[in-house]
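Please look over the structure below together with its sequence. The briefing that follows is grouped by topic and is meant to be read with the model open.

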Amino acid sequence: MDYFRKNSGTGSKKQASTPTRMKIILGIIFILFALLIGQLAYLQLAYGSRFKSEVAQNDSTVVSNQVPRGVMYDSKGRVLVGNKANNAITYTKGASTSSKQIYQISTALSAYISITDEKPTQEQLAEYYLADTANSTKIEAKLPKSEKGNNVSSTELTQNLIKEVKKEKIKFTKRQKTAALIFNKISGAYTLSTIYIKNKGLTDKELAQVGEHLSDLPGVGIGTDWERSYPNGSSIQSIIGSVSTEKSGLPSDNLQYYLAQGYSRNDRVGTSYLEKEYEPLLKGTKSQIEVETKSNGGIQQTKTVYKGQAGASLMLSIDAKYQKQVQAALKTVYASALSAGAAKYSSGAYAVAMNPKTGALLAITGLSHNVKTNKVTDNALGVINQSFVMGSAVKGATVAGGLLNNVITPTSNTLSDTPIYLPGSPVKKSVYPVGTFSSLDAETALEVSSNIYMMHLALKWVKAKYVPKTYISMPNDAFNVLRRNFAMFGLGQKTGVDLPGEVSGIEGQSFDSQGRILSGSLLDLAYGNYDAYTPIQMVQYVSTIANGGYRMQPYIVQGIGKTSSNGKKIYINYNKKPVVQQQIPWSKAELNIIQTGFYRVVHGTNAWGTAHPLKNVKPSISGKTGTAQTFYYDPDHPNKKNQPELINATFVGYAPSKNPKLAIAVIFPGLDPNMEGTYTLQVAKAMVKDYFAANK
């Protein structure tokens, strides 16, 4: 009993104080709950109807859609690239459209339209099939436990289901395949964006049936889509460029740039050349459509708030008819070169025409030749992105440099025509036999295309020290001296033409591996047999001589405006102003030396004149031929020795000889040196005659 003792008085007081504190805390909690319940009751009774209406009310969002791209016209107002309107079935995706709803819409719509220009992948068919709950349940039941349930993530389960559907090898009908394509298109659409379900080959029957059942197809609509058309042929389509499809959307390499400019991922944009260069103008201003959505995310109605503005139209400097004529002439003459065996190893041919006074490009055409297959394809872009050693055609710039630097003068320009003998190297001479001329003046040197004259001029120009067969020494800046002169005429420089992808040409090596200047190569440069230039540089160069010394920037877009409502006329808002990139600081007497030399190349009496077949062409032509030595390059065997020796044949010229209105450049690279023929002159003749026949 001693183990049981009474509590002390102090212990009794502690037990009595605890219930009092608890009562206070519980009382406070009760009061707070009472206040909360009272507030909720007040909100429900006073504002319940208001909250209910706010939840039920519609939301509106403004979305944008593309408009027709701008039209491109030739210089005579003919449509080169326009827009063909197509009826289309569209779909605008709701804010909370489920996979089940997409399945139902796709299945229903496939009863009225068929898509035959696309084929669904096995994965797309499986995704459509599994969107039906009954199908997905059946397929999931066939999966082993390790591939479903809590053992895998939802993503892994989906992939396992798709694999199982593929194993089943289900036979899908034509309608189911169409439904699968529709399902894929809708699933990939962004919320509230409008996509095209079918925008090509839509029949009147399909259009009518869809129209009758629009009330049963939420989000589906009937609209208009546009695609590029080429009513005057595709002769310069490679210059015009291309536009991406809705499926390909924005180019991945410039995705962030376009998104920052307000484009959507599936927008169609220019992907090359004029379509790309003038994209900001051609795209127009998107239409704006207000989309009202229900509280459940479904679309209530759509309303156009701004119909958009079609893209600006471009008027090109090219005459579509003349373009076709130049292209036909180049193809015909090149075919004859192939037939004769002269172009067996040739990579193609190029021709370009320009207004020498403005820089407006009048025709651009080119051909690519696959030596392995002998197939010839259009390649007008080669005019700006292919470089060739042009040969004697550049000698006008060499003579001009000698005159401008007082190496020779209009009254004192006769130089020895003695071949150049470098130590340990083959003799460097002209085409004609050694001793044909003892000396030549500048005009005759151009007429007979003397390599020797240009080399002696270069030696004197750079102040080289030269002893035949014994010694030659040049200053280290010799290449820079000549190249700066050629650059004044645009040779070796990008011309600034309004087309992306232009190259500047190719500079040959100036020094050997031990840092010694390549003297022989500098002499080759002087007569055009070293550095490589583009055809468009050549036409800019000869235009500079033709117009009296103004290096004009070439351009292809001469006007920007708006197409009339009927699509048959363009109203010009902006006209391109000719741009002078540089003025050659020569005197009239110095210019006369070069122009007289170019005139005598065609009209001279010397037997070694190189362009006499053009003598009787009206109006008269002045120009310069060129022949450059080269070798066949086999891309499949780049290191193979003893490749066939070839030549590049060129012609640059202008007409009429006085007050020129046309400048041309023609290049036939890679011809057989024993079968050079007059191919470039044949094309040049056709270009001049056709142009002036249409522009009397």
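Pro619 lies in the loop that runs between α20 and β22, and the peptide bond joining Lys618 to Pro619 is cis, with an omega of about -5°. The model is a predicted one, and every value given here is computed from it. A cis peptide bond also joins Ala655 and Pro656, where omega is about -10°, and Pro656 belongs to the loop between β23 and β24.

**The sheet**

- An open sheet is built from 6 strands in the order β11-β10-β9-β24-β23-β22, and the pairing is antiparallel.
- Its edge strands are β11 (376-378) and β22, each of which pairs on one side only, and neighbouring strands of the sheet are turned against each other by 10° on average, direction ignored.
- Helix α20 (residues 588-603) packs on this sheet, where it touches β22 and β23, and the direction of the helix makes about 75° with that of β22.
- Strand β10 (residues 361-369) pairs with β11 in the antiparallel sense over 3 bridges, and within this part of the sheet Ser368 stands opposite Thr377 in β11.

**Strand β23 and its neighbours**

- How many of the 11 residues of strand β23 are buried? The count is 10 for this strand, which spans residues 645-655, so β23 is largely enclosed by the rest of the structure.
- Towards β22 (residues 622-631), strand β23 is joined by 10 bridges in an antiparallel arrangement, and Phe631 stands opposite Glu645 in β23.
- Towards β24 (residues 662-671), strand β23 is joined by 8 bridges, again with the two strands running antiparallel, and Tyr654 stands opposite Ala663 in β24.
- The hairpin of β23 and β24 has 6 residues between the strands, and among these Asn659 takes a positive phi near 55°.
- In a regular strand, side chains alternate between the two faces of the sheet.

**The second largest pocket**

- The second largest pocket has a volume of about 1,100 Å³, and of the 43 residues that line this pocket, the closest to its centre are Val431, Asn451, Thr627, Ala628 and Gln629.
- The elements that give two or more residues to this lining are α18 (519-526), β22, β23 and α21 (679-694).
- Which element provides the largest share of the lining of the second largest pocket? That share, 7 residues, comes from β22.
- Sorted by class, the lining of the second largest pocket holds 18 nonpolar, 19 polar and 6 charged residues.

- Is Tyr273 buried or exposed? Its relative accessible area is 19%, and because the limit for a buried residue is under 20%, Tyr273 counts as buried.
- Lys463 likewise is not a glycine and has a positive phi, of about 60°, and its place is in the loop between α16 (451-461) and β15 (465-467).

**Lys247**

- Lys247 has its place in the loop between α8 (237-240) and α9 (255-260), and at 76% relative accessibility Lys247 counts as exposed.
- Lys247 and Asp690 are 443 residues apart in sequence and, C-alpha to C-alpha, 43 Å apart in space.

Key: Residues numbered from 1 in each chain as written. Predicted model: local features only at pLDDT ≥ 70, side-chain atom pairs only at ≥ 80, totals over all residues. Heavy atoms only, no water. Buried < 20%, exposed > 50% of the residue type's maximum accessible area, 1.4 Å probe, protein only. Helix = DSSP H or I, 4+ residues; strand = E, 2+ residues; numbered from the N terminus. Pairing = 2+ DSSP bridges. 1 Å grid on protein atoms, 1.4 Å probe; cavity = no way out; pocket = protein on both sides within 12 Å on 5 of 7 lines; lining within 4 Å. Points joined across faces, edges and corners; volume = space filled by probe spheres on them. Nonpolar A, V, L, I, M, F, W, Y, C, P; charged D, E, K, R; others polar. Axes fitted to C-alpha atoms, helices over the stretch in contact; angles between N-to-C directions. Contact = heavy atoms within 4.5 Å.
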